[in-house]
Amino acid sequence: MTPRVRFAPSPTGFLHVGGARTALYNWLFARSSGGTMILRSDDTDEERSTPEYAADILDSMRWLGLDWDEGIDTGGPHGDYRQSARLERYRAVADRLVEAGGAYYSFATPEQLDAFRDEARAAGTAPSYDGRFDVDQADAVKRIAAGERPTIRFQVPRPGRTTFEDIVRGEVSFDHSQVDDFVILRSDRTPTYHLASTVDDVDFGITHVVRGEDLLSSTPKHILLTEAMGADPARYAHLSLLMGPDGKKLSKRHGHTAISAYRDAGYLPEALVNYLALLGWNPGEDATVLPLNEMVDRFDLTAVSKNPAIFDTDKLEWMNGVYIREMDPAEFVNQIIASIEADLARPLTDGDRARLVAMAPHVQERTKLLTEIGDQVAFLLVDEVEFDEASWAKVMTKPGVADILDAAGERLAAIDDWDVRSIEETLRGMIADLEIGAGKGFQPIRVAVSGSTVSPPLFESLEALGRETTLERVRRARSLVG
RNA sequence: GCCCCCAUCGUCCAGCGGCCUAGGACUCCGCCCUUUCAAGGCGGCAACGGGGAUUCGAAUUCCCCUGGGGGCACCA
């Protein structure tokens, strides 16, 4: 039997890094085992679900390069893969369970339940509801006819115990005294997560449930429900959760955790996916940077780490730099032109484009985030440079700067062919004649043309800038030096 | 409170009874290269939470403690 796995996000929020990692592990498992990847929408919470979140999840999945064989948008043999479209099915399962005696109408009030839980807690026993307020099912029909709206609860066999072999954790066991008679159908006859999710897993033939560890203690419920439906439970693999830098569960408090926020911050999907994969799995042979297709070859669900992992942006940033450097140069140019036009909110002139194209390879080498490119190349696109205060103070107030700028202006003006080679030759000749070092001789020119002590390589920058602009900027800086 | 999971450098991962004076990557710090900044090269700092037990021998097995995480809803 070929594996069938699913990623089943709830459209009550953006796709965040934790969810994306779960999706990725499901995807890697499917692709490495010749299995089927299914994308489902667990949207039974009408209140909190929104179309915007649903769209964000799809967009983010696609952006990351994670596709699916069946599911929302793509369809498949099981019809609609959104739970909101399958409500009748869940009701039918719940009703049949009541008929078969595996579930019961519950009229227990919230007050009763609260009181019971408080007492249990105080007594040091498990606060799991065991049906004690619903012993009498005989008049359930009458009460319903009279207008009461009960929930339907699953009857957990007690005493009892559910034990299963988790693929990443090994044997896990829960005593049924810890498992409450959980609600499967609410009083408004909408299904709870436990019901909808389990029914779908059974109906869709899911063989492996790969999900977050937060669902580990709900697993007995899902196994019990599956068995009550007369089906064989899937294999379960519970992934440890992702934490913030403070060791706490990753949340909005740690800043943006949405995948789309990383896209906007200038990360490459390849880098994000690579980094996420390494959070809890190691491909062996000290491999760190490896593309999705190579991960597929090496992926092994049983080798996934049990430790919770901290989402650490330092390493992600480094990896992003690696992927940027590995990018196809032409693709890099396209990316930066698009992103800079978006920043400037205007189309680039032909001259701007030419300058960017010339500079691109040198920028590509020193970029960690796509979003920082704008600053690096700003000097190529403005009419007049703005001088960074610290840079000016550091180099332009030194003695001899005026002479250096004068000499540079003079010699650069005399160049016949304005290219890197002659620019370098000229300026090196200048510092030799002036008997000064490269640092002392070149930094004033750098600040004059770029506004900062930090810039892409000098000779290449001058070439890209063009003779006129270069000379103009050297003159202006010279006049400001006094 | 009850239950479940986890425990190696600051972080992510190797290690699955002797090969460990614990390895790699990120970060950080030096040095080299160098026109700045990066990149790259070389080097360095840095960890088996504690206590028992098993064993000739434990990072590796078992138990307890401690610590961290998760769950205990008519949310998912």
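Chain A has an accessible surface of about 22700 Å², and carbon and sulfur atoms hold 49% of it (areas by the Shrake-Rupley method with a 1.4 Å probe). This is a predicted model, where local features need pLDDT of at least 70, side-chain atom pairs count only at pLDDT 80 or more, and totals for chains use all residues. Residues are numbered from 1 along each chain as its sequence is written, and side-chain values use heavy atoms, without hydrogens or water.

Of the 482 residues in chain A, 49% are buried, meaning under 20% relative accessible area.

## Overall form

Let's step back to the whole chain. Chain A contains 20 helices and 12 strands (DSSP runs: H or I of at least four residues for helices, E of at least two for strands). Its radius of gyration is 32 Å, well over the 23 Å from the globule rule for 482 residues, so chain A is more spread out than a compact globule. That radius is taken over C-alpha atoms, and the rule is 2.2 Å times the number of residues to the power 0.38. The C-alpha trace spans about 105 × 45 × 40 Å along its principal axes.

## A look at Q83

Now for a single residue. Q83 lies in the loop between β3 (70-71) and α3 (87-100), and Q83 is buried, with a relative accessible area of 1%. Beyond its neighbours within four places in sequence, Q83 is in contact with several residues, including R40, Y90, A196 and D200 (heavy atoms within 4.5 Å).

How values were computed:
Chains lettered and ligands numbered in written order. Buried < 20%, exposed > 50% of the residue type's maximum accessible area, 1.4 Å probe, protein only.
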